[in-house]
Amino acid sequence: MTADEWDRCPRSDRMILPLHEWLLANPAAAGPVDRRLRLYAVACCRQRWELFDSDLFRRAVEVAEELAEGRADEKERAVLYAAIMDFPTPNGQSHCIENMTLKLLQNRGINCVAAAVSDLAFATGAGDFEAVVQAQAPLLRCVVGNPFRPVAFDPALRTPSTSELATSIYADRAFDRMPAQADALEKAGCGLPDLLAHCRGGGPHVRGCWVIDLLLGQAGPRAV
Ligand SMILES: [Zn+2]
């Protein structure tokens with residue numbers, strides 16, 4: 001896949017294999033991207049929150065986010081996993097959502113991207129499948145950026161003003177402030193067109209957004 005094809009790809013299911021191959025060829029990138037791909041899957045679940053019709057399922061999505069942020073309670077994860085395994089699913093849709101939550105609690109990285117198609121999109125039924133994978137595609141670009149057009153990020157761009165704004169955007173899920181983030185980056189001397197365009201584009205942006213994660217540092221955000 002070329003960089004332009006990645007930018008224009010309309011469906012998440014067509015992005016999985018190229019992304020997987022890129023991750024295999026770039027193992028050094030896998031750590032921080034793994035975190036963001038789990039957050040991507042969380043965002044996909046939140047897009048179809050109505051399908052998560054049990055408190056267990058909804059809590060599993062929240063715990064998956066906490067896992068990505070390094071603040072999850074491992075005991076709660078184990079208890080939750082066991083409870084979901086024992087949960088009687090009444091139909092195929094519920095069974096798919098159960099599988100999605102179990103994978104979110106156990107997996108990260110590319111497996112989470114695959115589950116967002118193989119479990120979450122299928123849970124919506126054949127009639128809605130295409131709409132779901134279309135809605136997922138921009139979320140995947142938000143968290144990964146464009147792997148086929150790398151950006152040479154300069155850590156000097158992590159100034160007090162850009163870092164504080166990124167922290168507040170993440171903590172408050174205030175992605176409407178992304179254009180302000182672009183302004184702050186420009187004031188800090190940023191001339192990276194892909195990075196500025198991502199901030200000023202229409203989104204959607206979610207926790208795990210590659211620009212915000214770069215500004216927060218590869219170890220992930222501060223505890224919130
Ligand atoms: Zn983004």
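Trainee: Leaving aside neighbours within four places in sequence, which residues is V143 in contact with?

Mentor: This is a predicted model, where local features need pLDDT of at least 70, side-chain atom pairs count only at pLDDT 80 or more, and totals for chains, interfaces and linings use all residues. Residues are numbered from 1 along each chain as its sequence is written. Contact here is C-beta atoms, placed from the backbone, within 7 Å. On that basis V143 touches R36, L37, L39, Y40, V206, G208, C209 and W210.

Trainee: How many residues does the largest nonpolar core have?

Mentor: A nonpolar core is a set of buried Ala, Val, Leu, Ile, Met, Phe, Trp, Tyr and Cys residues joined through C-beta atoms within 7 Å, with buried meaning 20 or more other C-beta atoms within 10 Å of a residue's own. V143 is among the residues with the most contacts inside the largest one, as are Y40 and V113. That core has 60 residues.

Trainee: Which helix gives the largest share of this core?

Mentor: Helices are DSSP runs of H or I, at least four residues, numbered from the N terminus. The largest share is 10 residues, and the helix is α7 (residues 110-123).

Trainee: How many Å separate the centres of domain 1 and domain 2?

Mentor: The bounds, 3-144 for domain 1 and 155-216 for domain 2, come from an automatic or database domain assignment. Their contact takes 11 residues from domain 1 and 9 residues from domain 2. Taken over C-alpha atoms, the centres are separated by 24 Å.

Key
Two residues are in contact if their C-beta atoms, placed from the backbone, lie within 7 Å. A residue is buried if 20 or more other C-beta atoms lie within 10 Å of its own, exposed if 12 or fewer, and partly exposed in between; C-beta atoms are placed from the backbone. Helices (H or I, at least four residues) and strands (E, at least two) are DSSP runs, numbered from the N terminus.
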